[in-house]
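Open the model in your viewer and keep the sequence panel beside it. This tour goes stop by stop, with something to select at each.

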Amino acid sequence: MKKTSLLITVITIILFMLPFFWLKPGEMDLGGDSSRLYFYDPGDYLQSVILYGYAPTDKGGETTVAYALLPYITLLFLIKKFINSPTFLISLNNGVNVSVAFLFVYLTVKEFLRVEGIGKDFKITIAAILAGLVYVFAPYNTYGWDRVIFTRNQIFLNPLMFYLLFKYFIDQKKIYILMFLILTFIFSFNFSYFGAPPFFAFYPLSLLFLSLYTKYIVKKTVPIKGLLIIGVIFLFLQSFHLIPSIWGILSPGSLLRQDIVGDKTVFSAGLDYFLAVSPSLKVSTSFFNLAQSQNNALHLLFVIYPITIIFGLLLSKKKTIFLISFFFLIFMFFATANITNVGYSFYRYLFYIPGFRMFRSVDGQWGFVFLFFYCILLGLAWGIIFNRLKNTFVYIFSIYVVCFLIISALYFIQGNTIRRILYPTKGVSPVIRMDPVYEKALNYIGNIQPDVKLLSFPLADGGYQLIQGVNGGAYFGPPIDSYIRGRNDFTGYDSLYPFNDKFINAVYNKNISSLTSVLSYLNIGYVFYNSDTYIYNDAFSNYPYGYVTNYMPVNQEGYKKFIEKLPLDLDKKIDFGEKYHLYPIKKDIIIPHIYSTTNDIYSSNPAHSLFSPEIDGLFPSVIYNVSDFRDSKDTLILEADPISPFLGIKNNYHLHKHYPFISRSINSSLYPVIVLKEQINLLRKKKIYDVFLDYSLYVLSKRILEINESGGMTPILKKSIKPPSVLEFYNPYRYSSWEASLARYESGMNTVIANLNNSNMPQNLVGKYKIIINEQLLQHQLKLIQIINGLTASESDKKYLNNYSDHMFARIAKILDLKDADPSIIHYHLELPVNTNGDEYQVIMESQNDAFDSSYQKYIEIGGNKLIANANNDANKENFGSIRINNRNIDFTLHAQLKNLMGDSQWESSGKADTATSSSVLITQNNFGDNSGGLIKKIDGWLPNRQYLISFEYNTEGNNFIFKLNQRVGEQENVNTFFDKNLNSTSWKSHQSVIASDLKSKDAYLQFLPGINNRDMHNMHIRNLKVVEVVNPRISFIRRTLQKKAATPKIVFTMINPTKYLIKVSNVTSPYTLVFLDSFGSNWRLRNPHKQDNIIWKLLIEKFFGAIGSLVEKASQTGEKKDKIIASYFEGNVLETKHTNVFLDSHTFDTIGKQVVAGDRHFLVNGYANAWYINPKDLDGKTNYELILELKTQNIFYVGLFISLVAFLSCIFTLIMDLFKRKYYNK
Amino acid sequence: MNNFLLLKIRTSVKFITKFKPLLNIYNLRLLSIIILFILGDILLFAVKTDLIIFFVLGLYYYCVKKYKLASDQTFTMCLIILFFMFIEYFFSGTSIATEKAAVWLFVFLLVGSIQGIKAR
């Protein structure tokens, strides 16, 4: 073996072996967003995730993501057959990544240098080796080996594929391209829809580079014809995942389609994300070949890279390095997106191209490609420089580079890169050794019927699961039982949608009836509880349990008590050690995965109506959305829409304080330019009022704050002026005066209000925006008072400015004309479906809180009628009787007195106060000077997560007083101040404030303090002080079913695989609904297996593929009896037979071309599930028949897989033939 | 040993003298003005603006045309900019000045690469 080859082999082997030292035997790093559970058990992962276009988590549903992993996971599965160790498999994968990456960067650089004609010398070989090592040990490459995603294989695929393409372009030999094609098949995920970002980042520009290089530097013909053929073969090879993905993209309303062309995704998840991350992208960091956001003193040594690149460019006599440099700079442009303002804007505008959203994570998507071209350029530069240097210099330089590479990559070499501590813990490693007790539980779950769903506790925010390893590490990723055992597991709050809020509120309110309904309608059969305190403690409290802990038990003790209250069959509880417990749900509450019903209900809010007691007598039922109403006499549950200005005010947004950055004071010569720029921006934002208002309030805050920035140099004209135009900047005395600034402010506010008044928005929205504007006015007014009184000006000037400001805010308030809201009259709107007006509706109000004053008789005014609540109502609902509604659209009002929370508690005061009642006048007299004093009164009955309205009348006799509202939050009882407002009046004036209490709010206090410049004894009079909870109770109009329902057909269903069910229906006498409790997907089809629609399909596909299927079936015959009944529901009306999990058999293609049943009557029901409304004539009036429920994309996958396999085998055959020919000719 | 050292120094001097043509006086004056513009932008102004970049690029294009400047001169400029970028990086990390220097380096590397492709 030559010296060079030996050196390369040794380095490659060392690099390959390196990851084998990272993990101790039995250790695995399996977590992450997409997890790496395929290393743990590739066989089961294939079965659960890959083979079927079905998401195995929570509510199930269609997906095409995982198909593309089929060849790679199959390869892992075959390897694991021989080496039964996940640790080895992970190390092998990492070893291949590192060693192959090095080898092919080396070979590519070497090849470039060979073509340059300087590749023979050993020192040139050293340049190529160094380039390979730089690639492997680059900071960008050495971080992020923990929780990796599937496309991470691009680390070695980019150099490998580039080298094969390079060789093909230069030598034009078939063998390279065949190897290229075979590799694209094995690592299909990197060429799939979800691997599109690295694919589009690398291949188009690389192919362009190779074409230019071949044509203009090597002076050879670009093999265009060959490339076209390769393109076609490539598409054939990738058919098994591309065709289902394309089908998904073309399906209207599909998630894939929204992902590409949806406005929301383009701008919210694309551009917004880019704008947020782009400021952190640094061009200088990229020049030093460093990873973004990593700083280390050692990184200064990396300056050697750009220096040597420039020297290489200076010394080169050939074009190659310039072309590489040119492309390197193109990749750098994309990898930083921060090259000049024009370049930045250019990248921003690229988001208008459909699909460009995939490059929103600039560094993440372009980083590897940039790094590859960086190393190629560096290798070439070093080759050129080394060619002119003596060997000794080359060796010294090489030792220097290798040393600092090793030192800077020690973190990687030692394997710490896969042990990055789990956020937010301080020391929990993501590397685990699986707990055998948990594995036992996992195996048990794998053996319960496949068609069952689980709910896991402790519940997380997102769909994550935490499992402790025996080595102290923790698995943090998607549910293992879903990905490995194929059991739909609800592990997070999000996964419980659309019942997630209902669920956590039910837990919080201990409403077991609602919890039972959630379990039933989500088809949950078991509760899996991990009682390990290690995974549910303070270390993980912020993440992944941050939000849910506001509602769910805060510790494992609480969970144990909570679980006991659930409708579980506690006698059949199975314990796995002390930590893992599996509880079956009580049989009588389980609703089967598939059922039939004739109890059709239409609701404007199906996810809520499922819990309504109004449907109690209609079990089993299905709840359609009212938009799908079929003009029938079925039960209707219509919720009226509350019309309230307070509804749109979320999270106290209206109290938001702007803190604009004041870059120029109003005295600055550049100030007119800034004002002009703001005017242009306002014009651009005028179309959407929300955006316009937000920016206007931001700018107007600036108008107030910037006066303070002039250091007391702002002139006072002592006369009011109009807002000066930009052209008047030549007169700074006038242009930058107090009056000019306040005139600009007043004019801006008037424009905001005028735009609101002139808009066509509904009154409740106008009211909402007026509240927001009013809150900002109060904030600005207080700030202005503070600024004026902090001035080093004469008292007369201050008095003048205070007066000026008071008058200005009074004028604006008059224009705003915000009327006091009366929360005791609540407005509603109701819209009836077609042909239902004239029917009689029962009016029910849900009143789950005690905000109302029970001594007051509630009533509804509707269409001139007054409906009074019945006296004998239960705690949760009030019946207002029945009414015949004649109009389809109707407005009405609810009249109800709300409890005043300002009860009899005493005012606490460091001064003197008379006790106030709601009717008496409170006179406060104070002389306090700090914020802790004043008059304080506790609000009785204050609750967390509620909205309150505070109203009172006041007279301050012309003095300033501050009004504050404070709440105590959390266990620490920290005091938060919602707002402080200035009150000043010379006569009685009313005030209202609306606020929402915090999720962890304990109690709240009103506080009145003397205002600025109010240190002497002064009186403040307050009367009619009220604090009431703002409520918009749900009012439903219910039309009971007007016809006698026919008997429900009997159902026997069998799961063939997760994408296919056989349903036997009997006793059909009338139309009915077939419900499938899985996430709604437009590609689910119901077929009649005995009626052919398309004979060509039958001949072409069913016969051909059926033959293949029967071969597979014969090979895997188990002889198990398939019709064994395993569960019975609804008194035997729905039977479930033993499930199978058949990927391919002689019946797999039976349904191709078969008649689609009720294709146009496939609806989203129960807020998330699938249902088909089936008429007897759909099946020629038969009373007993069979139906097949299947996912269409799965059939498409079978066809695509066949094409791909044929193409793959053809490539393998051609490669073998080519190698054979070479051997033969060589002989 | 002394002879060996002498030999090394001679080799190094030989290596440096290869860049002698870059120091032609007529180029140097204009290039110095351009360098001063760039340094002024990097070190004195806190605002990022493209105007100065396009202005200097225009001026440099004029120099390239007028004095038939080769890519070598451009890459020499790159070395100077890199020096300032490194100094800025050393003292202030990825500050605005470092970033501005990096953008100048990018621009001149791009110009030099295009010159290199066209010339050879």
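A salt bridge here is a side-chain nitrogen of Lys or Arg within 4 Å of a carboxyl oxygen of Asp or Glu. This is a predicted model, in which local features need pLDDT of at least 70 and side-chain atom pairs count only at pLDDT 80 or more, while totals for chains, interfaces and linings use all residues. Residues are numbered from 1 along each chain as its sequence is written, chains are lettered from A and ligands numbered from 1 in the order in which they are written, and side-chain values use heavy atoms, with hydrogens and water left out.

**Stop 1: salt bridges**

Select K100(B) and D41(B). Their side chains form a salt bridge, N to O 3.1 Å. K100(B) sits in helix α5 of chain B and D41(B) in helix α2 (residues 25-43) of chain B, 59 residues apart. Helices (H or I, at least four residues) and strands (E, at least two) are DSSP runs, numbered from the N terminus. Are K100(B) and D41(B) buried or exposed? Both are buried. Buried means under 20% relative accessible area, exposed over 50%, and partly exposed in between (1.4 Å probe, protein chains only).

Go to chain A and select D797(A) with K718(A). This salt bridge has an N to O distance of 2.7 Å. D797(A) is in helix α33 (residues 795-816) and K718(A) in the loop between α29 (689-708) and α30 (732-735), so the pair ties together parts 79 residues apart in sequence. D797(A) is buried at 18% relative accessibility, whereas K718(A) is partly exposed at 43%.

Next, select R1161(A) and D1178(A). Their closest N and O atoms are 2.7 Å apart, in another salt bridge. Both residues are buried.

Over all chains, the structure holds 39 salt bridges.

**Stop 2**

Most residues other than glycine have a negative phi, and most peptide bonds are trans.

Select A1158(A), in the loop between β38 (1154-1156) and β39 (1162-1165) of chain A. Its phi is positive, near 50°. A1158(A) is buried, with a relative accessible area of 5%.

Now S35(A). Phi is about 60°, and the residue is not a glycine. Look for S35(A) in the loop between β1 (27-29) and α2 (37-40) of chain A. Its relative accessibility is 0%, so S35(A) counts as buried.

Then two cis peptide bonds. One joins Y497(A) and P498(A), with omega about 10°. P498(A) lies in the loop between β6 (488-492) and α24 (500-508) of chain A. Another joins F457(A) and P458(A), with omega about 0°. P458(A) belongs to strand β3 (residues 453-460) of chain A.

**Stop 3: the sheet with β3**

Show the strands β6-β3-β7-β9-β8 of chain A, in that order: an open sheet of five with mixed pairing. Two strands pair if DSSP finds at least two bridges between them. The edge strands are β6 and β8 (574-576), each pairing on one side only. β3(A) and β6(A) pair in the parallel sense over four bridges. Zoom in on A460(A), opposite G492(A) in β6(A).

**Stop 4: where the chains meet**

How many residues of chain B are in contact with chain A? Select 35 residues of chain B and 37 of chain A. Contact means heavy atoms within 4.5 Å. About 3500 Å² is buried between the chains, 77% of it from carbon and sulfur atoms. Buried area is the accessible area (1.4 Å probe) that two parts lose on being put together, summed over both.
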